[in-house]
Amino acid sequence: MKFSLYHRLSLLLVLVFITISIIFFFWMEQLEKQARYESEQNLHLSLAANIARDNPILQQGVSDHQALKELFHNLMVLGPAFEFYFLDPQGNIVTHSISPSLIKRHRINVKPINLLTQNQAPLPIYGDDPQHFTRQKIFSAAPVFSDGQLQGYLYIIVVGERYESAYVRQESNRIGQLSMVMLIGALCFLSIVMLGLFAYFTKPLRQLNKDIKALKKVGFDLTKTNLASWKQNSDNEVHQLGCAFKQMAEQIGSQLALLRNNDQQRKELLADISHDLRTPLASLQGYIETISLNKAQLSTEQQKYIDTALRNSHQLKRLIDQIFELAHLEGGQVSINLENFNLTELLYDVSAKFSLQAKAKNIQLTVEPPSVNMMVHSDIAKLERVLSNLIENALRHTHEGGKITLKMKENAAEQCQLSVIDNGTGINKDELAYIFDARYRASNATLGKEKHTGLGLAITKKLLELLTIDIKVVSELGQGTEFYFNIDKAKYNIDN
Ligand SMILES: Nc1ncnc2c1ncn2[C@@H]1O[C@H](COP(=O)(O)OP(=O)(O)OP(=O)(O)O)[C@@H](O)[C@H]1O
Ligand SMILES: [Mg+2]
């Protein structure tokens with residue numbers, strides 16, 4: 001039968017408690033008995049000697065056994081807890097105070113009697129009980145001499161009821177205190193045992209927790225951490241759990257490695273293909289452009305074909321360039337050139353680049369504030385690409401007569417916030433989370449389906465990630481959109 005962890009713990013705890021209680025109970029009993037017998041024997045140590053010395057029947061040796069029997073009888077009336085025996089030197093019972101039918105043993109071992117009378121052993125000393133074949137009891141004894149010769153022993157079994165009650169009264173307080181101390185001791189011991197047991201049983205659980213945390217910390221990469229080894233085929237649930245977790249972690253690790261590998265291969269393939277496509281495409285484009293230069297020699301239909309081919313080749317080039325750029329950025333082998341530069345100048349340069357497009361749509365493209373020189377520390381080329389992508393999108397999604405603002409704002413002490421704001425179509429709230437995904441085009445993107453493939457913002461995000469910049473967007477349908485991010489200010493002012 002298999003027990004669960006909880007059952008094992010409870011069972012062990014109950015067993016430990018019962019064992020401790022039984023040991024404690026018997027120990028206390030033994031202690032109490034020992035103390036009682038010791039004091040009782042001590043109290044009656046000289047009882048036999050006194051009777052033997054003071055009583056005329058015993059003083060000069062025993063000659064009248066009937067008189068001795070009567071004496072024993074009288075003494076038993078006075079002290080009903082005592083049993084009186086007269087033994088010969090070998091220990092044979094000669095006279096006694098009790099009914100003959102009760103005598104089971106007729107010979108008593110005299111060795112304990114000698115130990116007691118000669119004071120040679122610590123109390124309590126146990127002697128044979130004539131009323132029982134094997135039982136031993138505490139006793140008082142004294143030798144009896146006749147004409148200087150050992151005639152026998154006066155042997156008294158001491159089982160004083162009167163003393164017992166007196167002892168119980170006197171000792172009850174002490175035993176009560178002792179019991180208290182013992183109980184507290186047992187409880188403390190039990191607590192320590194319990195703590196030890198729980199620590200022992202929960203150790204694998206703590207190990208498992210440690211393993212999970214360690215694995216999480218290294219991004220579930222098994223090569224970067226060592227997991228504990230768990231017992232295979234164990235009945236212990238924690239070990240089973242540990243084995244299952246380890247297998248799961250190994251499975252996740254291998255799947256992750258496979259995914260990373262596939263992803264890396266995909267990026268390399270994309271970068272290679274787009275790179276390899278560029279040369280034949282450039283050549284193709286060159287030929288088409290050359291032919292289109294001599295348009296006059298072609299028929300109207302041929303001119304139309306050439307124009308279409310030229311337009312398509314431009315779109316294809318743009319797409320291949322974008323795929324190459326994204327694959328290159330994802331590959332992570334892009335160098336970053338950080339420098340101090342004038343952001344205001346960059347904004348004016350980029351807006352100048354788009355001024356014709358803006359004018360064509362009668363869109364007002366402005367820099368704000370217009371005449372404040374903002375020095376920043378960043379990669380100017382990458383920032384220029386980012387701004388171009390954002391302005392290009394804004395121009396496309398802003399109606400004629402709209403407005404696009406490139407806005408700088410001093411933010412925290414070390415940073416400046418740069419925003420590209422338009423009052424165009426805006427983006428649906430549900431779609432905002434996806435617009436930075438490659439190939440994602442929101443529902444508002446109806447124009448230029450062939451030319452625009454949804455890679456611009458993915459490239460923008462990757463470029464900014466390289467500069468450890470986080471881009472954010474707020475948008476309201478029909479109101480406009482704002483993309484914004486923070487740039488580090490220049491470490492020093494070059495004007496000084
Ligand atoms: N300023 C904006 N206003 C409204 N919608 C926008 C704006 N900028 C981006 N979007 C939405 O986000 C989508 C993703 O933009 P992204 O630049 O990645 O792709 P794209 O412009 O459609 O194509 P590409 O950039 O490859 O030419 C766009 O299709 C558009 O729906
Ligand atoms: Mg775009």
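**View 1. Salt bridges across the interface of domain 2 and domain 3.** In this predicted model, two salt bridges, each a side-chain nitrogen of Lys or Arg within 4 Å of a carboxyl oxygen of Asp or Glu, are found across the interface of domain 2 and domain 3. The side chains of E325 and R385 form a salt bridge, with 2.5 Å from N to O. On the side of domain 2 that touches domain 3, the residues comprise four nonpolar (Ala, Val, Leu, Ile, Met, Phe, Trp, Tyr, Cys and Pro), three charged (Asp, Glu, Lys and Arg) and two polar (the others, Gly among them).

View 2. An automatic or database domain assignment places domain 2 at 218-333 and domain 3 at 339-488. Nine residues of domain 2 are in contact with 14 residues of domain 3, where contact means heavy atoms within 4.5 Å. About 1100 Å² is buried between domain 2 and domain 3, with 66% of this area given by carbon and sulfur atoms; buried area is the accessible area (1.4 Å probe) that two parts lose on being put together, summed over both. In domain 2, R318, L326 and L329 lose the most area to domain 3, and together they account for 48% of what that side buries.

**View 3. Two cysteines, C188 and C243.** C243 counts as buried because its relative accessibility is 12%, buried being under 20% relative accessible area, exposed over 50% and partly exposed in between (1.4 Å probe, protein chains only). C188, at 43%, is partly exposed.

Residues are numbered from 1 along each chain as its sequence is written. Local features need pLDDT of at least 70, and side-chain atom pairs count only at pLDDT 80 or more, whereas totals for chains, interfaces and linings use all residues.

Key:
Chains are lettered from A and ligands numbered from 1 in the order in which they are written. Side-chain values use heavy atoms; hydrogens and water are left out.
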